[in-house]
Amino acid sequence: MNDTPGWASPGSAPSDGQDNAGVPRPSSPGDANDSAPQWSKDQPPAGQWQPPTAPVHGAPPPARAQSGPGWGAPPPHGQWGPPPAAKPGVIPLRPLTLGEILDGAVTTLRRYWQTVLAVSVTVAVVMQVAEILAQRYLVPAPEPVHPDASPAEALAQSMDAAQAQVIGMGPAFLIMVAATLVSAALLTVVISRAVLGRPVTLGAAWQEARPRLLQLLGLTLLVPLLSAAVMFVGLLPGLLLGGSGGAGLAFLGGACAFVVVLWLTVRFSLASPALMLERQGVMKALQRSAKLVQGSWWRIFGISILTQLLVFILAMIIAVPFVLIAGAASGNGLGGLLDGSVADNSWSFLIITGIGGVITNAIAYPVSAGVTVLLYIDQRIRREALDLELGRAAGLPGYGG
């Protein structure tokens with residue numbers, strides 16, 4: 001029991017070795033004579049209880065007197081508990097739930113749509129133009145598989161076609177990496193300002209993000225290279241052994257390497273916003289991400305997987321009608337899409353599907369980037385009380401200067 005004056009509960013016994021200091025109790029003759037307590041002759045008068053009167057029809061109810069200090073009327077319905085957290089921008093300044101993270105990402109897109117769409121649409125157009133040109137001029141048209149080819153010959157022909165497509169898409173892939181890099185940097189700045197309720201122009205976001213682009217490029221390339229190295233190490237023993245035993249060993253090693261790659265990907269998933277918002281170096285950003293993810297790996301993994309699933313469903317809803325229209329415009333219709341006879345390097349097919357890709361990416365990029373940045377902010381609120389710093393930065397009363 002706490003022996004601080006005023007904190008003892010009525011009727012509680014003192015703790016061992018304590019004399020209930022600070023809790024006043026009256027002295028009575030019974031304490032000294034070890035006898036029954038002697039009640040005083042001067043007792044307070046009996047309470048004057050009156051039966052309640054029936055209310056008159058149409059008259060207001062009588063006012064109820066308070067029975068003690070602080071005991072007034074109960075709060076309105078739905079207002080029990082602590083007061084709501086301050087919300088200067090798109091999220092409340094407290095630990096976030098999954099719904100609040102997704103809502104914050106969508107609210108940023110809706111509230112600052114001019115800046116966000118200026119970034120995402122520009123990046124999506126550049127990526128789609130690069131992909132269209134590469135598929136039109138660099139990727140060779142797939143040769144039809146001979147009907148009399150053996151399974152081994154058909155597999156070898158498919159592998160050669162896939163290799164030619166990967167080589168032809170190389171330049172477009174580099175352009176897509178650069179465009180995605182710029183998009184991630186600019187959207188991180190925009191979302192960080194949206195948390196404070198402050199809009200930011202495209203020019204201001206570019207001025208702030210430009211000094212970090214080279215480091216962000218290094219970080220963007222380092223994590224995939226590290227993942228590829230882990231996969232290579234996992235597959236190497238089986239490839240060296242060969243035969244059926246080597247195939248089984250390669251499968252086992254590949255499965256273990258995949259688990260390690262997945263663990264590393266989630267562990268370093270917050271490195272990009274840490275690099276941009278804390279102005280850290282590449283290795284420092286990786287260390288910061290590992291520290292923030294520690295103890296919350298499954299939560300971040302679940303939110304990331306759910307976000308990617310929602311983005312994939314959204315992309316399918318937008319892209320499928322454009323693919324159907326492109327198939328119809330190519331002259332083969334739905335049957336050509338099902339049997340693969342549509343000439344996917346024709347201008348009509350590439351342009352129509354490219355328009356669908358622009359719309360899809362213009363919406364998907366801000367949502368994905370918003371979830372990543374808000375996850376980073378949420379982890380810092382939970383671990384480092386970042387909400388106090390955000391409240392001060394937003395100029396909210398009660399958060400200090």
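Three aromatic pairs are counted in the structure, where rings of Phe, Tyr and Trp (its six-membered ring) pair if their centres lie within 6.5 Å, with planes under 30 degrees apart classed as stacked, over 60 as edge-to-face and the rest as tilted. The rings of Trp 297 and Trp 298 are edge-to-face, because their planes stand at 85 degrees, with the ring centres 4.9 Å apart. Trp 297 is buried, at a relative accessible area of 16%, whereas Trp 298 is exposed, at 66%; buried denotes under 20% relative accessible area, exposed over 50%, and partly exposed the range in between (1.4 Å probe, protein chains only). The rings of Trp 297 and Phe 301 are stacked, since their planes lie at 15 degrees, with centres 5.1 Å apart. Both Trp 297 and Phe 301 belong to helix H11 (residues 297-329), where they are four residues apart, about one turn of the helix. Helices (H or I, at least four residues) and strands (E, at least two) are DSSP runs numbered from the N terminus. Ring pairs join Trp 297, Trp 298 and Phe 301 into a cluster.

The model is predicted, so local features need pLDDT of at least 70 and side-chain atom pairs count only at pLDDT 80 or more, while totals for chains, interfaces and linings use all residues. Residues are numbered from 1 along each chain as its sequence is written, and side-chain values use heavy atoms, with hydrogens and water left out.

The predictor's confidence in each residue is given as pLDDT, from 0 to 100. For the protein chain the mean pLDDT is 78, and 70% of the residues reach 70 or more. Confidence in the protein chain is highest in helix H10 (residues 282-293), at a mean of 95, and lowest in helix H1 (residues 29-33), at 45. The pLDDT is below 50 over residues 1-37, a stretch with 20 contacts in the model beyond near neighbours in sequence; a contact is defined by heavy atoms within 4.5 Å. Residues 62-72 also have pLDDT under 50, and for them the model has two contacts beyond four places in sequence.

Side chains of opposite charge can pair when their charged atoms come close. The whole structure contains 10 salt bridges, each defined by a side-chain nitrogen of Lys or Arg within 4 Å of a carboxyl oxygen of Asp or Glu. One of them is formed by the side chains of Arg 288 and Glu 278, at 2.9 Å from N to O. Arg 288 lies in helix H10 and Glu 278 in the loop between helix H9 (271-277) and H10, so this pair ties together parts that are 10 residues apart in sequence. Arg 288 is buried, with a relative accessible area of 14%. The side chain of Arg 288 also forms a salt bridge with that of Glu 384, at 2.9 Å from N to O. Here distant parts of the chain are linked, with Arg 288 in helix H10 and Glu 384 in helix H13 (residues 347-384), 96 residues apart. Glu 384 is partly exposed, at 31% relative accessibility.

A further salt bridge, at 2.9 Å from N to O, is found between the side chains of Asp 378 and Arg 382. Asp 378 and Arg 382 are separated by about one helical turn, because they are four residues apart in helix H13. Asp 378 is buried, at 0% relative accessibility, while Arg 382 is partly exposed, with a relative accessible area of 42%. Through shared partners, salt bridges join Glu 278, Arg 288, Arg 380 and Glu 384 into one network.

Helix H8 (residues 243-267) comprises 25 residues and reaches 35 Å from its first C-alpha to its last, close to the 36 Å expected at 1.5 Å a residue; the expected span is 1.5 Å times one less than the number of residues. The buried residues of H8 include Gly 246, Gly 253, Gly 254 and Val 261, and the buried residues of this helix pack against helix H7 (213-241), H10 and H11. Leu 241 is located in helix H7 and is exposed, with a relative accessible area of 56%. Not counting residues up to four places away in sequence, Leu 241 touches Gly 246 and Leu 249.

The largest nonpolar core has 62 residues, of which Leu 219 and Ile 377 touch the most other members. Helix H5 (residues 170-195) gives the most to this core, with 11 residues. A nonpolar core is a set of buried Ala, Val, Leu, Ile, Met, Phe, Trp, Tyr and Cys residues joined through side-chain atoms within 4.5 Å. Leaving aside neighbours within four places in sequence, Ile 377 is in contact with Ile 91, Val 195, Leu 386 and Leu 390.
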